[in-house]
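Look at the structure first, then read on.

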Amino acid sequence: MKNSSNRGSCQEVNIVYVTSCSEDSLLRGAHAISAALFLSNGIRYWVSLRVVLRVKRRQECLVSLVRISGREIRWLRPGERNLLGFLNTLFKGRSWPGARLIHLKEPSYDELVPSSCLPIGEYLGSPNMCPECILVDEEKLEACLKPWWLLASLMVVNDAGCRQRCG
């Protein structure tokens, strides 16, 4: 899909999504990418996304960081299979315009999550705010919705309340 970079000017919003450590973290990361980036007519160019993938392999939790720039990402398509293919491409060491994968060795939480990030629960309590950074941490979130569904809903609210001129 094309990004929507030719539509207005907006303050960028950073999304940090942290998966819990499990064998299906890649799938949940793919859902987070879809929730944060995709609009009905393209990609939100004003979103910068950091997905912290905590993948359980044997008894170990391997941590990787996927950075995606909505302004720079190319050839990304919605859909579970397409997004899993995208993540697998990155994990195989191949490049993708607008995306970068970094394998991390025992990172601290402070390294992964900027202190300026507003947890999604706090943002839900004050939807009139327009934060520069929104944090979705699967382990810290107590909601009856799946975290990426909550993120998708929040992005619609954020678009309407904070990014009217964007697209």
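Buried means under 20% relative accessible area, exposed over 50%, and partly exposed in between (1.4 Å probe, protein chains only). This is a predicted model: local features need pLDDT of at least 70, side-chain atom pairs count only at pLDDT 80 or more, and totals for chains, interfaces and linings use all residues. Residues are numbered from 1 along each chain as its sequence is written, and side-chain values use heavy atoms, leaving out hydrogens and water.

**Salt bridges**

A salt bridge puts a side-chain nitrogen of Lys or Arg within 4 Å of a carboxyl oxygen of Asp or Glu. The structure holds 4 of them.

| Pair | Closest N and O atoms |
|---|---|
| R28 and D24 | 2.3 Å |
| D159 and R44 | 2.7 Å |
| E139 and R54 | 3.0 Å |

E139 and R54 sit 85 residues apart in the chain. E139 counts as exposed, at 52% relative accessibility. D159 counts as buried, at 14%, and R44 is buried too, at 3%. R28 is buried at 9%, while D24 is partly exposed at 38%. D24, R28 and E138 are linked in a network of salt bridges.

**The core**

A nonpolar core is a set of buried Ala, Val, Leu, Ile, Met, Phe, Trp, Tyr and Cys residues joined through side-chain atoms within 4.5 Å. The largest one has 43 residues.

Key:
Helix = DSSP H or I, 4+ residues; strand = E, 2+ residues; numbered from the N terminus.
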